[in-house]
Amino acid sequence: QVQLVESGGGSVQAGGSLRLSCAASGDIYSTYCMGWFRQAPGKEREGVAVIDRDDRDGRISYADSVKGRFTISKDNGKNTLYLQMNSLKPADTAMYYCASIGRGRVCGFPWLQSGYWGQGTQVTVSS
């Protein structure tokens, strides 16, 4: 089992930046594939960014809506996942969730949704 704890959310004005963190503990073999999802009120949950543990080949994916503005990274030594969010827009307002899963399928949003989830951290961007 894996425990995921997100932090770093908050309220910022449009154009600002935030960095989310997700600290993982427990079975590290279930953190091979990690990523971020978000869900705004009244909207479906969407994948934001995903990264696999062996990212030397740059196996990172982003939602089109955040490409060029968000950067996902991780510190395997600290078992911590990050999401650097720049040039934030009001449309980025949502609850952001960290997720992780072990090996099994290609590390991507569909596979990751079947894994472990954190409690979420709120990001609010005002215009």
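This is a predicted model: local features need pLDDT of at least 70, side-chain atom pairs count only at pLDDT 80 or more; totals for chains, interfaces and linings use all residues.
A salt bridge is taken here as a side-chain nitrogen of Lys or Arg within 4 Å of a carboxyl oxygen of Asp or Glu. Side chains of opposite charge can pair when their charged atoms come close.

**Pairs formed by arginine 38**

- Arginine 38 and glutamate 46 are joined by a salt bridge, with their closest N and O atoms 2.6 Å apart; this distance meets the criterion because the cut-off is 4 Å.
- Arginine 38 also forms a salt bridge with aspartate 92, where the closest N and O atoms are 2.9 Å apart.
- The pair of arginine 38 and aspartate 92 connects distant parts of the chain, 54 residues apart: arginine 38 belongs to strand β4 (residues 33–39), whereas aspartate 92 lies in the loop between β8 (80–85) and β9 (94–101).

**Accessibility of these partners**

- Arginine 38 is buried, its relative accessible area being 5%.
- Aspartate 92 is likewise buried, with a relative accessible area of 1%.
- Glutamate 46 counts as partly exposed, at 30% relative accessibility; it falls in this class because buried means under 20% and exposed over 50%.

**Network**

- Salt bridges with shared partners link Arg38, Glu46, Arg69 and Asp92 into one network.

**The pair of aspartate 64 and lysine 67**

- The side chains of aspartate 64 and lysine 67 form a salt bridge with an N to O distance of 3.1 Å.
- Aspartate 64 counts as exposed, with a relative accessibility of 64%.

Note on methods
Residues are numbered from 1 along each chain as its sequence is written. Side-chain values use heavy atoms; hydrogens and water are left out. Buried means under 20% relative accessible area, exposed over 50%, partly exposed in between (1.4 Å probe, protein chains only). Helices (H or I, at least four residues) and strands (E, at least two) are DSSP runs, numbered from the N terminus.
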